[in-house]
Amino acid sequence: MTRKSCAIYTTGFVCAHLLIVGIAMEVTLTEKSQVYESWKNPPPSYLEYYFFNVTNPEVFMAGGKASVKQIGPYTYRVHRPRENVTFLENGTKVYALNPKTFVFVPEKSVGDPQVDIVRTVNIPLVTIMNELPSYSFFLRTIVSMYINSLGIELFMTRTVHEVLWGFEDPLLTKLHSMKPEVDEYFGLMWKKNGTHEGEFVFHTGEQNYLDYGKIDTWNGMREMSWWSSNQSNMINGTDGTVFHPLINRDELLYIFVADLCRSIHLAYVEDVEVKGIQAYRFAPPSDVLMSPKNNPTNAGFCVPAGDCLGTGVLKVSVCREGAPIVVSSPHFYQADPAYINAIDGLNPKKEEHESYLDLQPMATIDDESAAQMRSLLLNTPQYNRSLKPNKKKNITETIFPIMSVNEAIMNKLNSYSFFLRTLWGFKDPLLTKVHPTKPEVDEYFGLMWKEVTLTEKSQVYESWKNPPPSYLEYYFFNVTNPEVFMAGGKASVKQIGPYTYRVHSSRENVTFLENGTKVYALNPKTFVFVPEKSIGDPQVDIVRTVNIPFVTIMNELPSYSFFLRTIVSMYINSLGIELFMTRTVHEVLWGFEDPLLTKLHSMKPEVDEYFGLMWKKNGTHEGEFVFHTGEQNYLDYGKIDTWNGMREMSWWSSNQSNMINGTDGTVFHPLINRDELLYIFAADFCRSIHLAYVEDVEVKGIQAYRFAPPSDVLMSPKNNPTNAGFCVPAGDCLGTGVHKVSVCREGAPIVVSFPHFYQADPAYINAIDGLNPNKEEHETYLDLQPTTGVPIRACKRAQLNMILKRVPGFPKTKNITETIFPIMFINEMATTDDESAAQMRSLLLNTPQQNRNIKPK
């Protein structure tokens, strides 16, 4: 029975099976099959390049609408032989490379690429510009200053040949001069003539004709990792040159398009006739590049997840080294009209701009047609650049043809005897009935009621509003061997100080809110140097320490592109800036004119050219606080209601970590017991911390409880999972005893700890010679009189550190040991004065005592 008679006269399974077997034998990739030679050495195809010449750059730069004019085609004959062909797994798969060479064909072109000029987007510049919005203001300014100094503009004017095949770019040339591995040439097709799109392994169809030509792996991968869903990462279908036989109108044909970094599908459109042969036309349906709003399956192509463009465009930055490349059909055919209307000169038409494939359904497509389809899908995506106002502030953004009270504690306190309620106050039912008609009658009654409530008539109000001064000692770690550290050795430091300042703080702008239940206040602080309590003179003593402005900028760079790192490195090297700086203690504390900041200030006057750890902090406050007065419940006395308008923070990665808990550390509720935890919101730590009972102490004849931060406060999440919320981003955690506060310090690599890494992982201590942590000198603690809750003595100690890392592209950091480097620490002390201590002793002697918590000494 011939194949012809089977096709015409016979129906049923047997005949269909014979037909399939017959065709399958001819379309299996073996060295003896009829299709092998044409698959291995296909006839050439023709590739036409069209460019959008920008006709009004000045209008666009001033904020107007860009106009473009299409020029071309510039036509090239493409030769694509299969090389290194190797059959694998008993002939079921075949490995091959497919290099392409391009030869210009003048007779099929309109214009000469060597002569014709095109004005288009400066792609190297825009690629770097696209990275900048997510960077710090300082880094953006450095890059902007450097690029401006080179006179580089948003648009470039080059010959078509240069834009396609390469030219010496001034920005890349500057990078090349420092980093020879950077190619100083750029072109859309630079170094692509004679190269391939990756290593492919195909199914030969030996086991199943439906697998004929399907890709098994590309560059060793069966799926990609760029996109945000498994479906989007699939490598489906063929490479577009061959398809299985017996195609039907209802199926979808899949093609993996390396230039699009994804697979796409084609659907049947209509029957057509090509040179007398009946064929099916398949084309990419509109849902291929449809917005995820209308086609949710495309959400996986939004990277990061949720960052989606509109219909008709696909951002491929993830597989183009972060460059802001967007592909679409020509003239934004099938795209959201917003893209088309954003540029004058676009005119999408199906006839001219649709990609399609005409297939003879019974057999495979011939190689010449397949090559044409491959050219159409793989080699002629319209390249666009996402332009955002940055350095060029007036341009229109466009895609251019681009965190409670501990319940157990509360219940225990609320169950105290009637004596305690009588002492500290309760809401009396009789007084409550009288109050509405006689507001001057208080609904509350208690022997000590109103004495620890924040009202203008209470005994505690004046000391809360104008507390006695405290003393703040600054100690610095002077680096004694910077050359050894820079060469990869272990740094040594020597503690110098203290440099002591008297700190005056007063509550200002005090305003009572919500019927006296809350109170608003600012708490500015002023600092006065006290020579007699200091060792050394801050105006004279020199300290060698980490160059904080430099390290802050350097810390950002590892996640940035190689080009951007190199630009910043070149600029900073030109200024002669080093990792360590030598300054007076006064300069490091209170400010000096920094050379790097000065350069930034010259371009951006809003950048302060001065830097100091306490620069502009003398006479300022830590934020706007609203406190509970204790009017409604004495347990709330002094607790923070809001800080800078917030009841919780947003920096950290868990609700618990973001809570603003407790007081500001200056006042606490009365009737404190040893079993409770005391919470303090520490603005310097950008978080709340808790203190636990340590021991009974005596301060100036007053019995007190000492509370201190337990070791779990700064414990690694491995040992204390509740601290995982302080890892930002989630999972990016440091070890025990240190707390990274970059999220609330504008990204600066700042880490806080206790002095000399007290209670920290020994690795941090052992990394630096000269550290000697001990409890007596480095523990933070608070001594409270438990009946009144009044602090009798307090000692706050905290250390400032910087993360030092090696940064690719910065020769000055290439040998250093990555570490958390100590800069300085503070020791702030306050003890009740003799007069206040005498008043406290008198109060306690003349007030009925509750003795349940005071242990005999």
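Colleague: Which handedness does the link of Cys-261 and Cys-319 have?

Modeller: Please bear in mind that this is a predicted model. In general, a disulfide is a covalent bond between the sulfur atoms of two cysteines. Here the link of Cys-261 and Cys-319 is right-handed, with 80° about the S-S bond. The pair connects distant parts of the chain, 58 residues apart: Cys-261 is in the loop between strands E12 and E13, and Cys-319 in the loop between strands E15 and E16. The S to S distance is 1.7 Å, and both Cys-261 and Cys-319 are buried.

Colleague: How many disulfides does a search of the whole structure find?

Modeller: The search finds 4 disulfides. Among them is the one joining Cys-686 to Cys-744, with S to S 1.8 Å. This link is right-handed, at 85° about the S-S bond. Cys-686 and Cys-744 are both buried.

Colleague: Is Cys-308 buried, partly exposed or exposed?

Modeller: One compares its relative accessible area with the cut-offs: under 20% is buried and over 50% is exposed, with partly exposed in between. Cys-308 has a relative accessible area of 32% and is therefore partly exposed. Cys-302, at 4% relative accessibility, counts as buried. A disulfide joins Cys-302 to Cys-308, with S to S 2.0 Å, and the link is right-handed with 120° about the S-S bond.

Colleague: Let us turn to the strands. Why is strand E26 described as largely enclosed by the rest of the structure?

Modeller: The description follows from burial, because 4 of the 5 residues of E26 (residues 518–522) are buried.

Colleague: Which strands pair with E26, and in what sense?

Modeller: Strand E25 (residues 508–513) pairs with E26 in the antiparallel sense over 4 bridges. Strand E32 (residues 625–628) also runs antiparallel to E26 and is joined to it by 4 bridges.

Colleague: What lies between E25 and E26?

Modeller: E25 and E26 form a hairpin, with 4 residues between them. In the turn, Glu-514 has a positive phi of about 50°.

Colleague: What general idea applies to side chains along a strand?

Modeller: In a regular strand, the side chains alternate between the two faces of the sheet.

How values were computed. Residues numbered from 1 in each chain as written. Predicted model: local features only at pLDDT ≥ 70, side-chain atom pairs only at ≥ 80, totals over all residues. Heavy atoms only, no water. Disulfide = S-S within 2.5 Å. Helix = DSSP H or I, 4+ residues; strand = E, 2+ residues; numbered from the N terminus. Buried < 20%, exposed > 50% of the residue type's maximum accessible area, 1.4 Å probe, protein only. Pairing = 2+ DSSP bridges.
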